[in-house]
Amino acid sequence: MYAIVRAGGRQEKVSVGDTITINSIKGGAGDSVDLKPILLVDGSTVTSDVDALAKASVTAEVVGDAKGPKIVITRYKNKTGYRRRQGHRQPLTQLKITDIKA
């Protein structure tokens, strides 16, 4: 059984035991998080009905925080000596999927 869930501004395909990385959410390591399923697949049965999905739930446990790759932002204007350099690392959260209930 697997599910497509909306998490951190994206859609992720998850099954029990998977570890996913999403945009940062509140909560520390060991906290439980409920994710909203968009689609459930159990063998040949595909559930996409809104009423059936309202009863379904995907539970995940926060493993910890992480950081994304370093992104370097440079600004340059020709012939004026204007140069600026800035960096960014996106804060992320790692989740481990513990349960999928249909």
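1. Glu61 has its place in strand E6, which covers residues 57–67; strands (E, at least two residues) and helices (H or I, at least four) are DSSP runs numbered from the N terminus. The residue is partly exposed, because its relative accessible area is 35%, and partly exposed here stands between buried, under 20%, and exposed, over 50%, with a 1.4 Å probe and protein chains only.

2. The surroundings of Glu61 bring in residues from elsewhere in the sequence: Asp31 is 30 residues away along the chain, yet the two C-alpha atoms are 5.7 Å apart in space. Leaving out residues up to four places away in sequence, Glu61 touches Gly30, Asp31, Gln94, Leu95, Lys96 and Thr98, where contact means heavy atoms within 4.5 Å.

3. It should be kept in mind that this is a predicted model, in which local features need pLDDT of at least 70 and side-chain atom pairs count only at pLDDT 80 or more, while totals for chains, interfaces and linings use all residues. Residues are numbered from 1 along each chain as its sequence is written, and side-chain values use heavy atoms, with hydrogens and water left out.

4. Ile97 lies in strand E9, residues 91–101, and it counts as buried because its relative accessible area is 1%. With neighbours within four places in sequence set aside, the contacts of Ile97 include Val14, Val16, Ile20, Leu35, Val58 and Ala60. Arg83, by contrast, is 14 residues from Ile97 in sequence but 45 Å from it in space, C-alpha to C-alpha.

5. As for the chain in general, there are 1 helix and 9 strands, and along the sequence they follow the pattern β-β-β-β-β-α-β-β-β-β. Among contacts between residues at least 6 apart in sequence, 65% join residues at least 24 apart.

6. On overall dimensions, the C-alpha trace spans about 65 × 30 × 20 Å along its principal axes. The radius of gyration is 19 Å, whereas a compact globule of 102 residues would have one near 13 Å; the value is taken over C-alpha atoms, and the globule rule is 2.2 Å times the number of residues to the power 0.38.

7. Finally, buried residues make up 25% of the 102 residues in the chain. The accessible surface comes to about 7000 Å², of which 47% belongs to carbon and sulfur atoms, as computed by the Shrake-Rupley method with a 1.4 Å probe.
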